[in-house]
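Trainee: I would like to learn how to read salt bridges and helix faces from a set of coordinates. Could we go through an example together?

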Amino acid sequence: LRQTQEYLENQPRDPQMRFWQARLLEQLKRTAEAFDTYVALAQDYPELPEVQNNLGVMLAAQGRIDEARQAFEHALLNNPDYATAHENLGDIFLHLANRSYDNVTRISGSNKSLNAKISALQSALQLTLPPP
């Protein structure tokens, strides 16, 4: 991390080094700093799918599912073959489905068909991005 910071003192806009800095901050559990770095990087270089993907993961972990979906979709606009972003977007769709089923239950109660869907969805949700 110190090396990335020293490098960025002379090359503050280098997107690759800024990306590595954010990754290192994540690994060090300095989540807020990592998030801020990804946000700034995404604003400066919106065309970088890896940045959008990692930002989406952090947004999902914060429970900001709609914003995470947008970040993953943005990553895929820039690289339609980015498998990790596709997988993460699929995870988000599962969480959106769960949210919709919760709304149905709240509005009209449960029914046999809905209960079966919710039950099937629960095992898949255990394998996804951290729940919101």
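Trainee: Is Glu33 partly exposed or buried, and what is the relative accessible area of Glu33?

Mentor: Before answering, note that this is a predicted model, in which local features need pLDDT of at least 70 and side-chain atom pairs count only at pLDDT 80 or more, whereas totals for chains, interfaces and linings use all residues. Residues are numbered from 1 along each chain as its sequence is written, and side-chain values use heavy atoms, with hydrogens and water left out. Buried means under 20% relative accessible area, exposed over 50%, and partly exposed in between, with a 1.4 Å probe and protein chains only. Glu33, with a relative accessible area of 38%, is therefore partly exposed.

Trainee: Which residue forms a salt bridge with Glu33?

Mentor: A salt bridge is a side-chain nitrogen of Lys or Arg within 4 Å of a carboxyl oxygen of Asp or Glu. The partner of Glu33 is Arg30, their closest N and O atoms being 2.7 Å apart, and Arg30 is likewise partly exposed, at 32%. By this rule the count comes to seven salt bridges.

Trainee: How far apart in the chain are Asp44 and Arg13?

Mentor: Asp44 and Arg13 form a salt bridge with their closest N and O atoms 3.6 Å apart. This pair links distant parts of the chain, 31 residues apart, with Asp44 in helix α3 (residues 31-44) and Arg13 in the loop between α1 (2-10) and α2 (15-27); helices (H or I, at least four residues) are DSSP runs, numbered from the N terminus. Arg13, Arg18 and Asp44 are linked in a network of salt bridges.

Trainee: What separates Arg23 and Glu26 in helix α2?

Mentor: An α-helix has 3.6 residues a turn, so residues three or four places apart point the same way. Because Arg23 and Glu26 are three residues apart in helix α2, about one helical turn separates them, and they form a salt bridge whose closest N and O atoms are 3.5 Å apart.

Trainee: Which residues of α7 are buried?

Mentor: Those of α7 that are buried are Leu114, Ile118, Leu121 and Leu125. They cover an arc of only 70° around the axis, taken from the directions from the helix axis to the C-beta atoms, and therefore lie on the same side of α7. On the other side of α7, Lys112, Ser119 and Ala120 are exposed. The buried residues of α7 pack against α6 (83-108), where contact means heavy atoms within 4.5 Å.

Technical notes
Helix = DSSP H or I, 4+ residues; strand = E, 2+ residues; numbered from the N terminus.
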